[in-house]
Amino acid sequence: MRPRLAPFLAWPRPDGAQWRADLVAGTTVAVVAIPQALAYAQLAGLPPYLGLYAAFVPTIVAALFGSSAQLSTGPVALTALLTSATLAPFAASGSAAYASLAIALALGSGLLQCLAGVARLGRLIERIPESLMLGFVNAAALVIALSQLPAMLGVRAASHASFPEAVAALVRGLPSAVLPTAAFGVVALVVLLVVRQAWPRAPGALAVSVVAIAASAWFGYERIGPVVGELPAGLPVPALPSIDAATVAMLLPAMALIAAVSFMEVTSSARVIAARTGTSWNANQELLGQGLAKLAAGVFQSFPVSGSFSRSALNLSAGALTAWSSIVCAALVAGALVFAADALHHLPIAVLAALIVSAVVGLITPRELASSWRASRWDMAIGATTLVVTLLSAPRIHYGLAAGLLVVAARAVLTRSP
């Protein structure tokens with residue numbers, strides 16, 4: 001189906017009940033999105049405030065130009081990890097050069113998604129086997145969780161290490177853990193997991209962040225461990241980095257990877273939303289909407305964004321009826337940028353790490369993985385290859401996806417099936 005250039009012009013005028021439902025849902029998602037945005041920027045190797053930039057204008061653009069009303073777009077763990085893994089060999093995390101490369105990734109992957117949407121390639125990307133995506137996401141979630149444990153516990157991290165090497169380094173470093181850091185991180189993680197299990201709609205992330213900020217300020221934690229620190233107050237302004245042809249050529253494979261992987265993540269969320277609401281969605285429209293959101297992220301000095309499975313599920317369960325809920329969420333993020341920058345100063349980095357770990361735990365789905373492997377021997381081969389190679393090749397997790405696609409290609413040749 002051909003995407004429309006301005007689908008928001010066809011939105012029906014919401015009535016009072018719809019406004020109230022979307023206001024409640026947008027507020028509910030915002031109290032999760034704000035601390036998550038700070039955490040995912042850290043995961044991407046960028047200053048925390050850039051996560052708030054990624055959760056502002058890109059969220060609005062995706063809502064205006066997408067097709068799934070309850071899909072929540074912004075910074076997510078998977079694209080943040082891909083950003084970090086891609087850029088680590090080329091620049092130091094947090095540097096100006098690194099930030100420029102992250103912006104280039106957002107612009108390039110966004111442009112590729114827009115072109116794919118205009119060319120109506122959505123259904124083609126959707127045909128990537130579920131077993132491949134499950135293997136990749138489960139392995140990536142384990143890699144992400146492991147990458148955050150050193151910051152959460154106050155131990156030295158192993159840089160650019162494979163999964164087994166990172167596990168060994170973590171175990172060796174445990175005796176030297178900084179106890180106040182570990183206390184903040186472990187307590188935050190336990191509370192987040194308990195709240196999610198017992199009260200799934202409660203704003204656990206916000207509550208943990210507020211309490212952690214107060215405790216950190218009270219005890220002077222920044223003298224012992226790292227905190228978010230100073231954040232620039234105010235809204236982001238549009239700007240473009242200086243990008244030459246050599247940089248584009250260097251990053252082009254990563255741009256294509258981020259475009260494809262993030263759309264597979266969006267597809268998973270959109271399918272669930274469509275099944276639960278009885279509505280339809282347009283894959284090509286979502287490609288265009290997500291591409292424009294990434295372009296907006298780049299223009300407003302941030303990193304690649306995508307549809308969030310966890311926040312989309314929360315948006316749906318909170319009663320969102322239209323895409324106005326995402327615009328409400330973005331407006332509240334803007335309010336945090338303007339009014340809450342000083343309040344976030346004392347938030348411990350260990351708590352941000354705990355927020356990431358608690359979020360990606362939900363992406364580890366052994367039952368779904370096993371079920372996909374039982375479908376056929378080929379599905380088992382695709383899923384297992386993707387899972388194992390992704391773990392062993394971390395932090396270059398795109399090797400796992402490439403290995404899985406090679407098995408898919410082998411199946412197509414040997415069985416003559418698509």
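This is a predicted model: local features need pLDDT of at least 70, side-chain atom pairs count only at pLDDT 80 or more; totals for chains, interfaces and linings use all residues.
## The largest pocket

Rolling a probe the size of a water molecule over the atoms shows where empty space is left. In this model, the largest pocket holds about 1,300 Å³ of space, and its lining is made up of 46 residues. Among these, Phe309, Ser310, Ala313, Gly362 and Leu363 are the ones that lie nearest the centre of the pocket.

The element that gives the most to this lining is helix 13, which spans residues 309–317 and contributes six residues. Sorted by class, the lining of the largest pocket consists of 26 nonpolar, twelve polar and eight charged residues.

## Aromatic pairs

The count of aromatic pairs in the model comes to five. One of them joins Phe8 and Phe65, whose ring centres are 5.4 Å apart and whose planes meet at 85°, so the pair is edge-to-face, since planes over 60 degrees apart count as such. This pair links distant parts of the chain, with Phe8 in the segment before helix 1 (16–43) and Phe65 in helix 3 (residues 57–65), 57 residues apart. Phe8 has a relative accessible area of 27% and is therefore partly exposed, whereas Phe65, at 17% relative accessibility, counts as buried because the limit for that class is under 20%.

Trp19 and Trp324 form another aromatic pair, this one tilted, with 5.1 Å from centre to centre and 50° between the planes. Here too, distant parts of the chain are linked, as Trp19 belongs to helix 1 and Trp324 to helix 14 (residues 324–339), the two being 305 residues apart. Both residues fall in the partly exposed class, Trp19 with a relative accessible area of 40% and Trp324 with 28% relative accessibility. Ring pairs also bring in Trp11, so that Trp11, Trp19 and Trp324 are linked into a cluster.

## Positive phi angles

Most residues other than glycine have a negative phi. Arg120 is not a glycine, yet it has a positive phi of about 60°. Arg120 is placed in the loop between helix 5 (96–118) and helix 6 (122–126), and with a relative accessible area of 43% Arg120 is partly exposed.

Gln301, likewise a residue other than glycine, has a positive phi near 65°. The place of Gln301 is in the loop that runs between helix 12 (283–299) and strand 2 (306–308), and its relative accessible area of 27% makes Gln301 partly exposed.

Notes. Residues are numbered from 1 along each chain as its sequence is written. Side-chain values use heavy atoms; hydrogens and water are left out. On a 1 Å grid over the protein atoms alone, a cavity is a set of points where a 1.4 Å probe fits but cannot get out, and a pocket is an open set with protein on both sides within 12 Å along at least five of seven lines; lining residues have an atom within 4 Å of a point. Grid points are joined across faces, edges and corners, and a volume is the space filled by probe spheres set on the points. Helices (H or I, at least four residues) and strands (E, at least two) are DSSP runs, numbered from the N terminus. Ala, Val, Leu, Ile, Met, Phe, Trp, Tyr, Cys and Pro count as nonpolar, Asp, Glu, Lys and Arg as charged, and the others, Gly among them, as polar. Rings of Phe, Tyr and Trp (its six-membered ring) pair if their centres lie within 6.5 Å; planes under 30 degrees apart count as stacked, over 60 as edge-to-face and the rest as tilted. Buried means under 20% relative accessible area, exposed over 50%, partly exposed in between (1.4 Å probe, protein chains only).
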